[in-house]
Amino acid sequence: MFLGTHTPKLDEKGRFFLPAKFRDDLGEGLVMTRGQDRCLAIYPMATFVAMTQQVASAPTTVKQVRDFQRMLAASASDEVPDKQGRVNIPPALRAYAGLESQIVVVGAINRVEVWNPQTWEDYSTAQEEAFAELNEDIFPIA
């Protein structure tokens, strides 16, 4: 499970150090792709494979299925952290998320997200008020 907020920096080659507590789950390999809300999503390889098996079984006769499959796969990059725990973010993904030297790495339970700091600040501020209401909608009191 991925939890917490971290603020590593990108080096000149577009790499960052995975937070130490994420390395065991991601050290053998990961898939990085576009996430929603202009962030990047990083999945352990096994989680991504399970997710794509589900996506692959959806009917490609449905336009939304085809669109989702394309957007997910076209931007995906499989990576293996180096011995120091650094992960490369490909240039196209850095551009998509607006990443420069400062980044925010957020644990999102089954994935890790990488955000531009200002985008994260704007998003989290906007979501703060709705958080309590979302809790009631997602987990209604029986």
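Which residues does Thr33 touch, not counting residues up to four places away in sequence? In this predicted model, the residues touched by Thr33 are Leu40, Ala41, Tyr43, Phe48, Met71, Leu72, Ser75, Ala76 and Leu93. Thr33 belongs to strand S3, which covers residues 30-34. The relative accessible area of Thr33 is 1%; because this is under 20%, Thr33 is classed as buried. A polar atom of the Thr33 side chain is placed 2.9 Å from the backbone oxygen of Leu72.

Strand S3 forms part of an open sheet of 6 strands, in the order S1-S7-S8-S4-S3-S5 and with antiparallel pairing. S1 and strand S7 (residues 104-107) run antiparallel and are joined by 2 bridges, and Thr5 is found opposite Val106 in S7. Helix H2 (residues 45-56) packs on the sheet, where it touches S3, strand S4 (40-44) and S5. The direction of H2 makes about 105 degrees with that of S4.

The largest nonpolar core contains 20 residues, and Phe16, Leu40, Ile89 and Val114 have the most contacts inside it. At least two residues of this core are supplied by each of helix H1 (20-26), S3, S4, helix H4 (91-97) and strand S8 (112-115). H4 provides the largest share, 3 residues. Leaving aside neighbours within four places in sequence, Leu40 contacts Thr33 as well as other residues, including Met32, Ile89, Leu93, Tyr96, Val112 and Val114.

Definitions and conventions
Residues are numbered from 1 along each chain as its sequence is written. This is a predicted model: local features need pLDDT of at least 70, side-chain atom pairs count only at pLDDT 80 or more; totals for chains, interfaces and linings use all residues. Side-chain values use heavy atoms; hydrogens and water are left out. Helices (H or I, at least four residues) and strands (E, at least two) are DSSP runs, numbered from the N terminus. Buried means under 20% relative accessible area, exposed over 50%, partly exposed in between (1.4 Å probe, protein chains only). A polar contact is a pair of N or O atoms within 3.5 Å; within protein, one must be able to donate a hydrogen and the other to accept it, and residues adjacent in sequence count only if both atoms are side-chain atoms. Contact means heavy atoms within 4.5 Å. Two strands pair if DSSP finds at least two bridges between them. Axes are lines fitted to C-alpha atoms, for helices over the stretch in contact, and angles run from 0 to 180 degrees between N-to-C directions. A nonpolar core is a set of buried Ala, Val, Leu, Ile, Met, Phe, Trp, Tyr and Cys residues joined through side-chain atoms within 4.5 Å.
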